[in-house]
Amino acid sequence: MERTDDGWFCNVCSHDWSPEKRPRARFASLDDLIARTGLRRDEVVTLADIGALNAFGYDRRSALWQAERAVRPSGELFPPSLADASYGEAGWDVEAPPAREHPTSPQPLAPSLDTATPEPLAPDCPLKPMTEMERLVADYAGMGLSAGRHPMALKRDELAMRGILRARDLASARQGRRVRVAGMVITRQRPGTAKGFVFLTLEDETGIANIIVRPDLFARDRLVIIEEPFLIVDGVLQNQDGVTSIRAEQVQGMRGVDIDFDAHDFY
């Protein structure tokens with residue numbers, strides 16, 4: 001309800017009211033980002049580590065280098081606003097700033113972010129840029145995923161030399177053929193009605209491979225199956241009701257990929 005000039009009340013519809021919109025502007029620099037958002041040091045480091053600060057003209061390690069500088073205190077004993085202050089019985093007495101020469105032409109409190117001068121790049125960072133594998137490790141550590149290439153794609157040439165098939169190649173493989181596959185373990189399941197059988201899902205850059213592990217094989221290689229994030233599986237290809245899977249005969253951990261992530265385990 002809203003009161004009119006003549007004392008009557010009228011209804012105000014919700015669509016007649018809208019919240020005040022704040023002006024939006026891009027962050028002009030890393031210092032500007034920290035000043036406007038109040039990010040903590042660990043948050044800034046995480047953003048740098050996963051490449052979120054690359055838009056400021058840094059690679060990831062240079063951004064980490066700059067993040068440490070940006071979050072470090074300036075070293076002054078007091079902030080600039082207290083530089084000319086004196087301390088008395090009433091506390092800090094800060095002198096008022098001098099009057100403007102043209103008080104009738106108000107000036108903005110801060111320069112427009114749209115016209116702010118970009119932060120100058122610091123001297124060359126002594127740290128080497130991350131390799132693609134190091135970027136993947138940082139992505140999974142910071143986000144649990146990556147927008148870059150799948151980890152298996154980085155090892156594909158080596159895996160092909162060892163006769164390891166891609167997940168999408170299994171659809172055209174012959175039933176009963178002995179095959180070797182490898183991938184990131186994204187699920188581990190052991191249903192109570194499966195009589196001790198364990199079901200794994202391996203993911204590579206082309207898709208997924210379903211793995212069936214017998215109870216005796218699981219008992220023998222339990223630690224490898226549970227703890228290794230990447231597995232190489234040898235087994236026999238089978239196709240039942242249109243679902244392709246591999247009956248595992250040998251399971252081993254895959255070395256050379258040090259990515260830590262959480263699989264969906266249902267034990």
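Guide: Welcome! Two residues are in contact here when heavy atoms lie within 4.5 Å of each other. Please keep in mind that this is a predicted model.

Visitor: Which residues does histidine 150 contact, leaving aside neighbours within four places in sequence?

Guide: The partners of histidine 150 are Met184, Glu203, Asp204 and Glu205. Histidine 150 itself sits in the loop that runs between helix H4 (132-143) and helix H5 (151-154).

Visitor: Why does histidine 150 count as buried?

Guide: Buried requires under 20% relative accessible area. Histidine 150 has a relative accessibility of 16%, so it counts as buried.

Visitor: On to the helices. Why are H1 and H3 called oblique to each other?

Guide: Let's set the angle against the classes. Angles under 35 degrees are roughly parallel, 65 to 115 roughly perpendicular, and over 145 roughly antiparallel; the rest are oblique. The axes of H1 and H3 cross at roughly 50°, and therefore H1 and H3 are oblique. Their axes come within 10 Å, and the crossing is right-handed.

Visitor: Which residues make that contact between H1 and H3?

Guide: From H1 come Leu30, Asp31 and Ile34, and from H3 come Gln66, Ala67, Arg69 and Ala70. The buried residues of H1 include Leu30 and Ile34, while those of H3 include Gln66, Ala67 and Ala70.

Visitor: What do the buried residues of H3 pack against?

Guide: Those residues pack against helix H1 (30-37), helix H2 (41-49) and H4. The buried residues of H1, in turn, pack against H2 and H3. At the start of H3, a side-chain oxygen of aspartate 59 comes within 3.0 Å of the backbone nitrogen of arginine 61.

Visitor: What makes a group of residues a nonpolar core?

Guide: Its members must be buried residues of the nonpolar kinds, joined through side-chain atoms within 4.5 Å. The largest such core has 21 residues, and Val181, Ile211, Val213 and Val233 have the most contacts inside it. Among the elements giving two or more residues to this core are strand S5 (178-189), strand S7 (207-213) and helix H7 (215-220). Apart from it lies another core of 14 residues, including Leu159, Met184, Ile259 and Phe261. Met184 is also one of the contacts of histidine 150.

Note on methods:
Residues are numbered from 1 along each chain as its sequence is written. This is a predicted model: local features need pLDDT of at least 70, side-chain atom pairs count only at pLDDT 80 or more; totals for chains, interfaces and linings use all residues. Side-chain values use heavy atoms; hydrogens and water are left out. Helices (H or I, at least four residues) and strands (E, at least two) are DSSP runs, numbered from the N terminus. Buried means under 20% relative accessible area, exposed over 50%, partly exposed in between (1.4 Å probe, protein chains only). A polar contact is a pair of N or O atoms within 3.5 Å; within protein, one must be able to donate a hydrogen and the other to accept it, and residues adjacent in sequence count only if both atoms are side-chain atoms. Axes are lines fitted to C-alpha atoms, for helices over the stretch in contact, and angles run from 0 to 180 degrees between N-to-C directions. A crossing is left-handed if the near helix is turned anticlockwise from the far one by less than a right angle, and right-handed if clockwise.
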